[in-house]
Amino acid sequence: MLPPVQFSPADISYMKRALQLARRGLGWTSPNPVVGAVVVREGTIVGEGYHRRAGGPHAEVHALHQAGDRARGATLYVTLEPCCTTGRTPPCTRIIGSSGVQRVIVAARDPNPRHDGRGFTWLRRRGVRVGVGLMAAEATALNEAFNKWIVTGQPFVTAKIATSLDGRIATRSGDSKWISNELSRRAVHRLRARVDAVMVSAGTVRADDPQLTLRHGIRGSQPWRVVVDGRGRAPLESKVFTDAWRERTLVLTTASSSARWRNKLVTRGVEVELVRADGRHVDLKEALKLLGARSITHVMVEGGGDMLGAMLDEGLVDRMTVFIAPIIIGGTDAKPSVGGQGVDRVCDAWKLCHPVWRRVGDDNWMVTGTVAT
């Protein structure tokens, strides 16, 4: 058995740089993971790179190309196990092997069953020293959506809520503008830029007529806009069905919706998929399977409360991001942030693991955490 690899403070510093580079790819590489790479020779960085878009060169290729002949005898730091299979690009292991790199330090294994350790084996058999596990937790967190999707075929689900102190997302009249402040809304658009799809219910489309686009100066790839509408109740004149991004809108419905309604959406360029019904509603588990089959790795659920509650009831939410405003709306008829059946006992409540609290502007708080029961 090989002795454990010892990592130096310099190794940690270079891997931190590789992680910084990897973050630049967030929102651009799906359905591929984000990856960063750094080539170091004699204490000097001679090459850097990150995966910029799906189908394009991988991080290692960019870094080694920049390093050129200086890669010989160098160390390559990479945030994810190099691929060893041919896809839209050649295997990175082959490119590393021919570069003359002597040592490869990797943060995390690739959970893709086609890889998952095979890249390390290939490199070691060709005399490259390989160290694995440096800053693995940080690297794994960067690709939490990819990691779930590549193993299960289902997208990672983040639920977003903007709520008052008493847990309301709208008044009894349906007014909800604006519970959160301007900086919180900008933060939501940054989140949108990092997911593949934004999902809302027909009720949210009817009540708010949202655009679900990237605005507030946020750049990125426009996510799919997914409307869950089992009975075809969303108005045909809604923004998501009529604006310039309507061809990035997907409606998940059931046979209970009108064929005429569905056909009108299709003629406008909106995509429509029939999903198995769960009573009078779309079967949410089947909906997520369908999205995963379309290579959608990360979905952000933005509304409404009933759909979010149903997803929590079925254990379909992986992470929650909640924006809390210091206001009290009151009223038994006001809209709750979470509907569904809920739990019978407080001890059975859904919990946010390792929650991170951050103040947003003068009067909003944002709390984020993974969901556990």
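This is a predicted model: local features need pLDDT of at least 70, side-chain atom pairs count only at pLDDT 80 or more; totals for chains, interfaces and linings use all residues.
Let's start with a charge over a ring: Lys177 sits over the face of Trp178, 5.4 Å from the ring centre.

**Charges over rings**
- In the contact already mentioned, Lys177 is the charged residue and Trp178 supplies the ring.
- Arg52 is placed over the face of Tyr50, with 5.3 Å to the ring centre.

**The pair Tyr14 and Tyr77**
- The ring centres of Tyr14 and Tyr77 are 5.3 Å apart and the planes meet at 50°, so this pair is tilted.
- Tyr14 belongs to helix H1 (residues 9–23) and Tyr77 to strand E3 (residues 75–80), so the pair ties together parts that are 63 residues apart in sequence.
- Tyr14 has 15% relative accessibility and therefore counts as buried, the cut-off for buried being under 20%.
- Tyr77 counts as buried too, because its relative accessibility is 3%.

**The pair Phe146 and Trp149**
- Phe146 and Trp149 make a tilted aromatic pair, with 6.5 Å from centre to centre and 50° between the planes.
- Both residues lie in helix H6 (residues 144–152); they are three residues apart, so about one helical turn separates them.
- Phe146 is buried, because its relative accessibility is 7%.
- Trp149, at 15% relative accessibility, is likewise counted as buried.

How values were computed
Residues are numbered from 1 along each chain as its sequence is written. Side-chain values use heavy atoms; hydrogens and water are left out. Rings of Phe, Tyr and Trp (its six-membered ring) pair if their centres lie within 6.5 Å; planes under 30 degrees apart count as stacked, over 60 as edge-to-face and the rest as tilted. Helices (H or I, at least four residues) and strands (E, at least two) are DSSP runs, numbered from the N terminus. Buried means under 20% relative accessible area, exposed over 50%, partly exposed in between (1.4 Å probe, protein chains only). A charge sits over a ring if NZ of Lys or CZ of Arg is within 6 Å of the ring centre and within 35 degrees of the ring normal.
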